[in-house]
Amino acid sequence: MKTTVLTFRKMKRQGEKISMLTCYDYTTARLMDGTVDGILVGDSYGNTMLGYDSTLPVTMDHLIAATQGVVRGCKESLVVFDMPFMSYQVSVEQALENAGRALKETGCQAVKLEGGASVCPQIAALSHAGIPVVAHIGLTPQSVNALGGNRVQGKTGEEAERLIEDARKVEEAGAFAVVLECIPAPVAERISREVNIPTIGIGAGAGCDGQILVYQDMLGMNEDFKPKFVKRYAALAEEMRSAFREYTADVKGGRFPEASHQFEMSSEEELKKLY
Ligand code: KIV
Ligand code: NA
């Protein structure tokens, strides 16, 4: 059964934790579908798929193509499109046009955008237009230059109060969920208690209503990236590399392909014509 925004609301009400991962392609989506409640086609695409050191260069076209693949692979999990940098900040009209494009061209069910009070006009307009919105506060990587780096947010009482206020405001504007990224666990716990919409944490502790991770991080595909908040559920980097190496050794050693991997002529007669 397809997970919807109503399912998310119900899970929060019933105290059932919400699990989410990022995903950027059809093949992975088919494997992930139904194993998690929600899938985010994150603008972390810039890092994981394109090798940039920030999410700033990611475009609507990048994430439209990626989300089309993910949606085709997804029958159950809720699919959220992550609005890229400068696809919604310019104006409410710009946000409506781009979020509308995301829903029309990909078949995703919701969009996510970064920011608290400052993007509430956009959140309200999208919600009124029938486009479900996930907000995202705390560490907002699209503001890396303004924040002076990717660092934990809300470590002082004053900053924490601002985050709590932002969470209240995005709920009031109509967001159906909010991502809390890299904030102290007690702050995330307090926000999760104070708002009625589910909080989805990443680096925000166990008090959140749900969790999200970047899938390459939790599968251990990225050996030189292991932030404190990531738990590895597999060691795919080594598994993949050793498969690639074994393949090359087989090719060079004449062990691949074998007879079972080859095609034959349609009959002995046809074969004889070759010689
Ligand atoms: O782009 C992304 O992967 C995200 C999640 C980490 C929340 O925004
Ligand atoms: Na993102």
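This is a predicted model: local features need pLDDT of at least 70, side-chain atom pairs count only at pLDDT 80 or more; totals for chains, interfaces and linings use all residues.

I began with D43, which sits in the loop between β2 (38–41) and α3 (45–48). Helices (H or I, at least four residues) and strands (E, at least two) are DSSP runs, numbered from the N terminus. Residues are numbered from 1 along each chain as its sequence is written, and chains are lettered from A and ligands numbered from 1 in the order in which they are written.

**Buried or exposed?**

I counted D43 as buried because 27 other C-beta atoms lie within 10 Å. The cut-offs: buried means 20 or more other C-beta atoms within 10 Å of the residue's own, exposed means 12 or fewer, partly exposed is in between, and C-beta atoms are placed from the backbone. Next I looked up D43's contacts (C-beta atoms, placed from the backbone, within 7 Å). Leaving aside neighbours within four places in sequence, I found T55, V58, L63, D82 and P84.

**On to D82**

D82 belongs to strand β3 (residues 78–82). I logged D82 as buried too, with 27 other C-beta atoms within 10 Å. Not counting residues up to four places away in sequence, D82 touches L40, V41, G42, D43, L63 and K112.

**The annotation**

I checked UniProt: the unreviewed entry has a "binding site" annotation covering D43, D82 and E114. They are spread over 72 residues of sequence, yet they cluster in space, with a largest C-alpha distance of 10.8 Å. I'm keeping in mind that such annotations may be inferred rather than shown by experiment.

**Ligand 1**

Which residues surround ligand 1? I listed T22, L40, G42, D43, S44, D82, V179, E181, I202, I212 and V214, taking residues whose C-beta atom, placed from the backbone, lies within 6 Å. I sorted this shell into five nonpolar, three polar and three charged residues. For that sorting, Ala, Val, Leu, Ile, Met, Phe, Trp, Tyr, Cys and Pro count as nonpolar, Asp, Glu, Lys and Arg as charged, and the others, Gly among them, as polar.

**Whole chain**

Stepping back, I got twelve helices and eight strands for the protein chain. Buried residues make up 41% of its 275 residues. The C-alpha atoms fill a box of roughly 85 × 40 × 35 Å along the principal axes. The domain assignment, automatic or from a database, gives domain 1 (5–234) and domain 2 (239–272). Their C-alpha centres lie 44 Å apart.

Key:
Two residues are in contact if their C-beta atoms, placed from the backbone, lie within 7 Å.
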